[in-house]
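This briefing sets out helix packing, sheet architecture and ligand surroundings for the structure shown below.

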Amino acid sequence: MESQTKRIDFFDKLPTLGAVVTAAGVAAPYITPERHGRPFTMILVVTRRCNSRCKMCSIWQEKNSPMLSLDEYRHMFREPLPSIRSLVLTGGEPTLRSDLPQIWEIARPALPRLEYGLLATSGLNVQRTLDQVTVILAQIEANPGSLKRFEVQVSLDGIDETHDHIRGIDGFFARVTRTLDGLATLQQRYPMLRTRLSSVVMPDNIEQVERIHAFARERGLSIHFSPVVLTGTYFNNLQDTEVLGFVPGSQKSQQAHAAFHELSAEDQSSLRFYYDDVAQMLDGDSRSRTCLMGFFGCVVEHTGEVYPCPIWEYESFGNLLEQSFDTIWFSEQARNARYNLRKTSCPTCTSMCYPHAVGLSEVVQEKLDHTRTRAQRLIGRILKPDNSAISTTPKVDPIDDLNPDTSRHHTSQPEPAVSHPTHDDLFIETLK
Ligand SMILES: C[S@@+](CC[C@H](N)C(=O)[O-])C[C@H]1O[C@@H](n2cnc3c(N)ncnc32)[C@H](O)[C@@H]1O
Ligand code: SF4
Ligand code: SF4
């Protein structure tokens, strides 16, 4: 019954969805380093520490990587960022920070228009994850503000021992299922909670895509698949390219192509366009749709450095501990980085680019709907200049928020001094 309702909703929205994609495609070439606004999405890497042993990501191999203290987060979120609609907490394994709910609590007042929150987790640390999510949900319940949804994204790269093998820990799959069970129970108490699955497709699990998909369906969970991304930054796995990568033309690559082709045919969300592109890129072609990261989304790393996306952590836009967000976002440095990444990395990048998962597509759709309404109103005025039914009441235009010239939070204040407290207040418990 529920899936039937979803279907009708989707087909109702299909013309709008088509318009969104077309408009995004048309607009993309005009989004230049000089012509863009502030981001909708912020991905916050709260730690690079991790207690998994994944094959496709070597973050866990970094020992004792530094972390920001709560005071440093307070400093980073010292000024409001009203353009941000979705905030992703990720890592490393973010739940290893026992102060994760406090980070969320510190960030929220600076994000007055936040609509979507997402926690990306491995699901390994069962009770810890459930406890932290409960605290965050209780905080939201006490002060919902503009928040519409909080999602927990749990990684699932295989069923049973395939997941254990890829994630390098016996019993990992069993722990993930316990985390999912706990989240399902929690959702009954907090209806704004959603759980989704995220799956990385690589040669070791290509045979399992259908089983993973079936697992998600059985539990009524949303899921997205991404082919393994090979990068010298973030996942830092270029050294394992031969084992992890799909060689164009190989049998595994053809299997992956077929799998993504099928996912595209089945999917009822904007992800289908991403899956189309992935199938194309697995054949050695370039992506045909522009990714929104760097312009509408950004990553804030565990050091305060701001990057356009996880894949382009070669050139920082600047550091939030040292400069205001606007100074960083509209800097020459950021302009150069955007230009370089668009030219070099984007055409063949298969990254899923988080915004799809965290409501950015909904935000874009909302803005395009708004633009369409304005266009219709304008056309109406031209056709019927005296039409009194057309409202002339000036409205706040959300798109103005994206224009650096109409800044509501640009600061010309001198940058406050940055304190660097010790990290003694941070507690990391590695659950083995
Ligand atoms: C780096 S993890 C951080 C959150 C958490 N530790 C986890 O594993 O879900 C964020 C996402 O990146 C995905 N990921 C890891 N390695 C990847 C790779 N090489 N290519 C694409 N996605 C990858 C993970 O599966 C997860 O969904
Ligand atoms: S994918 Fe997540 S769990 Fe695995 S090593 Fe990377 S950060 Fe850790
Ligand atoms: S490198 Fe990849 S993730 Fe980064 S902006 Fe380009 S397409 Fe998006």
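Helix α9 passes helix α10 in a left-handed crossing, where left-handed means that the near helix is turned anticlockwise from the far one by less than a right angle, and right-handed that it is turned clockwise. The model is a predicted one, in which local features need pLDDT of at least 70 and side-chain atom pairs count only at pLDDT 80 or more, while totals for chains, interfaces and linings use all residues. Residues are numbered from 1 along each chain as its sequence is written, and chains are lettered from A and ligands numbered from 1 in the order in which they are written. Helices (H or I, at least four residues) and strands (E, at least two) are DSSP runs, numbered from the N terminus.

**Packing of α9 and α10**

- Helix α9 covers residues 251-266 and helix α10 residues 271-282; their axes are 8 Å apart and the packing angle is about 160°. Axes are lines fitted to C-alpha atoms, for helices over the stretch in contact, and angles run from 0 to 180 degrees between N-to-C directions.
- The two helices α9 and α10 are therefore roughly antiparallel; angles over 145 degrees count as roughly antiparallel, under 35 as roughly parallel, 65 to 115 as roughly perpendicular and the rest as oblique.
- From α9, the residues S253, A256, H257, F260, H261, L263 and S264 make the contact with R272, Y275, D276, V278, A279 and L282 of α10, contact meaning that C-beta atoms, placed from the backbone, lie within 7 Å.
- The contact of α9 with α10 comprises seven nonpolar, four polar and two charged residues. Ala, Val, Leu, Ile, Met, Phe, Trp, Tyr, Cys and Pro count as nonpolar, Asp, Glu, Lys and Arg as charged, and the others, Gly among them, as polar.

**Packing around α4**

- Helix α3 (residues 100-107) packs on helix α4 (residues 126-142) at about 25°, with the axes 9 Å apart; α3 and α4 are therefore roughly parallel.
- The crossing of α3 over α4 is right-handed. L100, P101, W104 and E105 of α3 meet Q132, V135, I136 and Q139 of α4, a contact of five nonpolar, two polar and one charged residues.
- Helix α4 also comes within 9 Å of α6, axis to axis, and the two cross at roughly 25°, which makes α4 roughly parallel to α6.
- The α4 and α6 crossing is right-handed. V126, T129, L130, V133 and T134 in α4 meet R175, R178, T179, G182 and L186 in α6, and this contact divides into four nonpolar, four polar and two charged residues.

**The sheet**

- Nine strands form an open sheet with mixed pairing, in the order β6-β5-β4-β3-β2-β1-β7-β8-β9; two strands pair if DSSP finds at least two bridges between them.
- The edges are held by β6 (222-227) and β9 (318-319), each with a single partner strand, so one side of each has no neighbour in the sheet.
- Six bridges join β1 (residues 41-47) to β2 (residues 86-91) in the parallel sense, and M42 stands opposite L87 in β2.
- Helix α6 (residues 172-189) lies across β4 (149-155) and β5 (193-201), and runs at about 155° to β5.

**Ligand surroundings**

- Ligand 1 is surrounded by 18 residues, the closest being M56, C57, S155, S198 and V229; a residue is near a molecule or strand if its C-beta atom, placed from the backbone, lies within 6 Å of it.
- The strands β2, β3 (116-121) and β5 each supply at least two residues of the ligand 1 shell, which has nine nonpolar, eight polar and one charged residues.
- Around ligand 2 are C50, S52, C54, C57, I59, W60, G91, G92, E93 and S122; five are nonpolar, four polar and one charged.
- Ligand 3 has 13 surrounding residues, of which C291, M293, C309, C346 and C349 are the closest; its shell has ten nonpolar, three polar and no charged residues.

Terms used
Contact = placed C-beta atoms within 7 Å.
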